[in-house]
Amino acid sequence: MHNARPQSTRLSTIIWLILLALTIATFSIGEAGMSGKNTMLMLLAITMIKSQMVANYLMALRQTKMIWRIIMLAYFVIVGGLIALAYLMGLS
Amino acid sequence: MCLNNVNLNNENSNSANFNLAELPTAQAMSGQQDLPGDFAIWIFIFAEMLVFGVLFVAYAFTRAHNVALFNASQLTLSLTSGTINTLVLITSSYLVVRGVAAIKQDLSKQCAYWLTGALLLGGVFICIKVLEFHAKFAADITMSTNAFYMFYLSLTFFHFMHVLMGMVILACIIIKAWRGGYSTQSHTGIETGASFWHMVDFLWIILFPLVYVIR
């Protein structure tokens with residue numbers, strides 16, 4: 001069983017609000033019809049921040065061994081990196 | 001694993017009992033904890049992430065050879081629906097966090113309320129997705145229409161099934177929590193279900209910009 005010190009409600013609420021704000025930012029970029037290399041990289045950066053916030057704060061991996069956080073970060077770096085590579089291929 | 005009052009000799013001995021739960025473990029002393037919930041769910045979570053990861057990358061590389069087709073098809077999707085669903089899943093994940101926090105304070109009923117909120121939001125996600133699928137099928141769009149729709153329908157339907165599975169898990173946890181089946185000391189089941197639900201959220205957070213926004 002996971003007996004980590006409970007994450008404060010206030011911190012969880014702040015993380016939730018940041019995630020909502022970043023989602024609205026993603027929507028705004030899409031609604032504005034923005035495209036291209038810089039937009040793609042910005043969207044991937046937002047997605048990376050969101051995914052790591054979910055992993056570290058909602059999944060509570062922040063309170064576990066470093067290896068689990070590294071795995072979640074490595075997952076996004078590899079998948080996100082390959083997605084970026086594919087999009088750059090598409091642009092060229 | 002929790003071993004309470006383990007007698008190191010035998011059950012009938014008068015020698016002192018050692019309460020192992022009171023002894024600090026190496027992990028607790030270092031401030032690091034095990035993964036939340038049952039470890040088996042994490043094997044499943046990592047396997048699911050791997051499968052979705054391969055699909056995400058396959059989508060991106062297929063798009064690289066059909067950029068105009070993917071961009072034109074992507075415009076037929078409802079960005080608003082995708083955004084609302086993202087907000088819904090994030091909020092449901094937050095409610096699950098509150099539910100886990102409640103059971104750690106031995107508040108079973110409150111835990112059940114928070115988780116019920118998350119379950120209802122899962123229902124909202126399903127309804128919006130069904131409307132999206134219906135709109136596409138009504139327009140005679142299927143998986144064989146083109147490569148974009150093949151990925152869009154398969155990725156989102158695969159994820160949709162995970163949401164349904166997560167809702168079933170949440171429903172089981174809610175019933176048990178309502179009946180007082182969990183406590184501060186014993187709530188592995190809730191953490192296991194919560195971890196699965198957060199994975200569903202985690203994957204959608206990548207899927208949404210990839211399929212609906214990036215062009």
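Student: How many helices and how many strands does chain B have?

Tutor: This is a predicted model. From the N terminus on, the elements of chain B run α-α-α-α-α-α-α. The count for chain B is therefore zero strands and, under the DSSP assignment, seven helices.

Student: What share of the residues of chain B counts as buried?

Tutor: A residue is buried when its relative accessible area is under 20%. Chain B has 215 residues, and the share of them that counts as buried is 48%.

Student: Among contacts in chain B between residues at least 6 apart in sequence, what percentage join residues at least 24 apart?

Tutor: Contact here means heavy atoms within 4.5 Å. Among contacts between residues at least 6 apart in sequence, those that join residues at least 24 apart make up 76%.

Student: Are H2(B) and H7(B) roughly parallel or roughly antiparallel to each other?

Tutor: Two packed helices are described by the angle between their axes and the distance between the axes. Helix H2 of chain B covers residues 39-64 and helix H7 of chain B covers residues 188-213; their axes are 10 Å apart and the packing angle is about 5°. Angles under 35 degrees count as roughly parallel. H2(B) and H7(B) are therefore roughly parallel.

Student: How many nonpolar, polar and charged residues does the contact of H2(B) with H7(B) have?

Tutor: On the side of H2(B), the residues in contact include Trp42(B), Phe52(B) and Tyr59(B), and on the side of H7(B) they include Phe196(B), Met199(B) and Leu210(B). Glu48(B) of H2(B) and Thr192(B) of H7(B) also take part. By class, the contact of H2(B) with H7(B) has 16 nonpolar, two polar and one charged residues.

Student: Are H5(B) and H6(B) roughly parallel or roughly antiparallel to each other?

Tutor: Helix H5 of chain B spans residues 108-138 and helix H6 of chain B spans residues 147-178; their axes come within 9 Å and cross at roughly 155°. The crossing of H5(B) and H6(B) is left-handed. Angles over 145 degrees count as roughly antiparallel. H5(B) and H6(B) are therefore roughly antiparallel.

Student: How many of the residues of H4(B) are buried?

Tutor: Helix H4 of chain B, residues 79-104, reaches 38 Å from its first C-alpha to its last, close to the 38 Å expected at 1.5 Å a residue. H4(B) is mostly covered, and of its 26 residues the number buried is 23.

Student: Is Asp140(B) buried or exposed?

Tutor: Asp140(B) is placed in the loop between H5 and H6 of chain B. Asp140(B) has a positive phi of about 60° and is not a glycine. The relative accessible area of Asp140(B) is 66%, and a value over 50% counts as exposed. Asp140(B) is therefore exposed.

Methods:
Residues are numbered from 1 along each chain as its sequence is written. Chains are lettered from A and ligands numbered from 1 in the order in which they are written. This is a predicted model: local features need pLDDT of at least 70, side-chain atom pairs count only at pLDDT 80 or more; totals for chains, interfaces and linings use all residues. Side-chain values use heavy atoms; hydrogens and water are left out. Axes are lines fitted to C-alpha atoms, for helices over the stretch in contact, and angles run from 0 to 180 degrees between N-to-C directions. Helices (H or I, at least four residues) and strands (E, at least two) are DSSP runs, numbered from the N terminus. Angles under 35 degrees count as roughly parallel, over 145 as roughly antiparallel, 65 to 115 as roughly perpendicular and the rest as oblique. A crossing is left-handed if the near helix is turned anticlockwise from the far one by less than a right angle, and right-handed if clockwise. The expected span of a helix is 1.5 Å times one less than its number of residues. Buried means under 20% relative accessible area, exposed over 50%, partly exposed in between (1.4 Å probe, protein chains only). Ala, Val, Leu, Ile, Met, Phe, Trp, Tyr, Cys and Pro count as nonpolar, Asp, Glu, Lys and Arg as charged, and the others, Gly among them, as polar.
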